[in-house]
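Hi,

Here is the structure I promised to pass on.

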Amino acid sequence: MSTELRAKSREAKKSPCVIALAMTLCSVLSALSSFADDRFPPYDNTAEVEAAWKANPELYQFKTIADLPPNLKWEKGDDLPELGDPAAKKGGTFYTVTPNFPPTLRFLGPDGGNTFRSEHWDNIEMALVNRHPNEDKWIPCIAKEWAVSEDRLTAFFRLDPDASYSDGVKVTVEDFFMLFYMSLSKHIKDPFANDYFAKEFKTITKYDDRTLSITMRELSPDPIFKANSGPMPRHFFREFGDDFPARYQWRKMPTTGAYDIAPEDVKFGRSITLHRVKDWWARDKKYYRYRYNVDRIVFRVGGTMDTEFELLRQGKLDFFTTSAQLTPPTYWYDKGDIPEILNGYIERYSFYNVYPRIPRCLYINQSKPLLDNLDVRIGVSYAFNIDKVISVVLRDDAVRMQSGFSGFGRFTSPKLRALPYDAVKAREHFAKAGFTKAGGDGVLVNADGKRLSFTLSIGNMPLYTQAALIWKEDALKAGLEIKIESLDFTQLFKKGDQKQHDIILAGFGATPPYPHMWEFYHSDNAWEKQPDGSKKVKTDTNNFTMTAVPELDVLVDQQRKAPNEDEMQRLCWLIEEKVQDLACQIPTWEVPLYRYFHWRWMRWPKDGNCKMTREAIDAFVWWIDEDIKAETKKAMKDGKSYGEVSRVFEQYREKP
């Protein structure tokens with residue numbers, strides 16, 4: 001999967017919530033049935049796949065090493081600093097939580113972008129190359145060398161001969177051919193992948209089993225970034241066909257990364273465990289040898305935050321997020337005065353990171369009645385008191401996000417400003433839309449007696465519930481009724497995928513170096529044209545705002561083909577400003593750091609972490625020290641105190 005496609009995973013990093021019983025039962029029943037492979041007759045697609053390759057020689061090309069351009073400048077990326085800490089110890093088990101049990105272990109197709117995907121795929125799988133999270137330069141992964149053609153349309157890669165999957169099978173170039181074949185197939189039921197591969201890539205070429213090239217249709221600021229992909233093992237996907245979503249619902253693809261999931265690692269509705277791959281091929285490679293240190297990572301399905309905090313105190317969780325992005329600050333400020341923290345058994349950890357901020361916004365569905373009116377949307381934007389939530393609920397630990405494009409450096413327009421809470425201005429715009437009279441309960445109505453009332457769908461989290469109650473109360477002062485609907489995160493994103501919401505509070509994974517526009521704001525992801533000329537809502541896309549503006553489509557298409565960073569910046573600014581003018585999303589808050597409570601046996605490098613990380617555990621530079629764990633438990637038994645410990649890493653903190 002390409003680098004850009006990794007942005008599809010949804011945000012719910014370590015965010016606790018209560019699982020709806022019905023969803024859990026559905027997951028269990030689905031999983032039990034799909035693990036029983038006798039539901040699916042044996043199938044071998046080898047002949048079909050190879051016939052497709054031969055039938056499309058413009059896309060799939062087979063050449064020899066002698067056909068490589070003679071003047072390629074191969075890069076190795078082996079001169080950058082190591083990652084992690086040589087003092088890191090291997091072994092042990094790390095216990096943490098996941099907000100809900102995933103609906104599938106697929107990362108493609110329906111529900112493939114679920115909140116657990118990043119834990120077993122985005123943060124684990126190896127691509128051709130990787131970005132050094134401190135130096136922001138390319139380093140080797142599956143490819144040991146790479147080069148770019150003189151016309152900058154083709155990227156070349158030489159695979160590491162050691163690269164292999166967790167089942168021992170070597171990675172070959174034809175696994176990348178399989179990536180293209182699957183990503184272009186309607187069988188995956190993933191419109192974004194279909195469109196992306198069709199529009200972005202012209203040719204994939206095999207020179208031998210270890211050498212390939214990928215040719216883009218248009219110039220891009222960084223051809224390596226555009227071509228960077230991960231393999232799809234042919235031997236595993238030999239049964240890929242029209243029943244792909246069901247057949248592969250709970251089949252875990254063998255990984256090129258450090259951690260895998262076996263059938264026995266899945267406890268339906270309760271937990272999923274990642275186990276370290278025995279004899280992992282990259283275990284001794286530079287940039288990876290001091291990372292991925294623990295043997296097992298246990299993701300327990302989260303309960304309430306209070307329950308999880310008690311599990312932390314009992315030592316049943318190693319780690320508890322207190323980031324203001326997702327957690328009420330009361331845990332950091334009020335609940336920190338407990339013996340485990342005061343005596344230094346549990347430590348405080350804060351790290352200022354540099355990374356695109358999660359676009360946590362209130363997404364307004366422009367296809368819904370009334371919300372298709374610009375003045376109504378502007379009024380709604382003025383009616384949501386975001387600053388009050390930041391002050392009261394988040395205790396000013398966060399700041400107002402000015403747009404859904406924050407944190408992309410030069411690619412974020414400096415002109416973007418979020419609308420502040422202003423009940424008077426909200427009423428002015430509601431009046432322009434025909435809502436001039438208030439009913440007995442204070443809710444505005446139009447001449448037809450239609451109430452100004454919308455449902456706000458949120459994830460089932462205390463922070464979001466507290467925020468929604470404030471928004472509901474202050475929106476009424478502007479004559480707007482907000483009905484709160486609290487859902488499990490799986491249900492929440494399913495509702496968004498199906499475009500059944502009015503207003504939804506959601507976040508998506510944002511990755512550098514520039515914003516992804518097409519999946520969120522192009523009409524291709526809002527409406528499907530029908531043979532009779534009509535259109536219907538397009539489901540299973542991330543265009544939660546149902547944006548469909550021809551002028552914006554043109555700009556988004558141009559942005560995908562931007563030949564250099566200057567043009568990319570120009571187009572990003574134009575798109576961002578036009579999206580802001582549509583008032584289709586209300587930016588909420590962002591924080592410049594992440595912070596956690598963790599037991600002292602969870603250890604970190606001297607510099608705390610890597611600069612370009614979204615969450616503390618993403619770079620896998622931490623480890624569990626079993627000796628310190630035993631020492632700490634003895635100290636607790638003996639009443640020994642280490643004193644309160646709070647570590648703050650500010651070397652990457654942006655100066656005001």
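A word on areas before anything else: accessible areas come from the Shrake-Rupley method with a 1.4 Å probe, and for residues only the protein chains shown count as cover. On that basis the protein chain exposes about 25,300 Å², with carbon and sulfur atoms supplying 51% of it.

Please keep in mind that this is a predicted model, in which local features need pLDDT of at least 70 and side-chain atom pairs count only at pLDDT 80 or more, while totals for chains, interfaces and linings use all residues. Residues are numbered from 1 along each chain as its sequence is written, and side-chain values use heavy atoms, leaving out hydrogens and water.

**Overall picture**

The protein chain holds 19 helices and 29 strands; these are DSSP runs numbered from the N terminus (helices are H or I, at least four residues; strands are E, at least two). Its radius of gyration is 25 Å, close to the 26 Å that the globule rule gives for 656 residues, so the chain is as compact as a globular protein of that length. The radius is taken over C-alpha atoms, and the rule is 2.2 Å times the number of residues to the power 0.38. Along its principal axes the C-alpha trace spans about 80 × 75 × 55 Å. Of the 656 residues, 60% are buried (under 20% relative accessible area, with exposed over 50% and partly exposed in between; 1.4 Å probe, protein chains only). Taking contacts (heavy atoms within 4.5 Å) between residues at least 6 apart in sequence, 76% join residues at least 24 apart.

**The cores**

A nonpolar core here is a set of buried Ala, Val, Leu, Ile, Met, Phe, Trp, Tyr and Cys residues joined through side-chain atoms within 4.5 Å. The largest has 180 residues, and F157, F237, V380, F384, W471 and L480 have the most contacts inside it. Helix α4 (residues 173-183) gives the largest share of this core, eight residues. Leaving aside residues up to four places away in sequence, F237 touches N45, M178, M182, M232, F244, Y248 and M253. There is also a second, separate core of five residues, including L68, A147, F156 and Y207.

**The sheets**

Two strands pair if DSSP finds at least two bridges between them. Strands β7 (residues 201-208) and β8 (residues 211-216) run antiparallel and are joined by six bridges, with D208 opposite T211.

β19 (residues 453-459) and β20 pair in the parallel sense over seven bridges, and S457 has E485 as its bridge partner in β20.

Finally, do look at β14 (residues 346-352), where seven of seven residues are buried. This strand pairs with β26 (residues 593-599) in the antiparallel sense over seven bridges, Y349 standing opposite Y596. Four bridges join β14 to β29 (residues 646-649), and those two run parallel.

Best wishes
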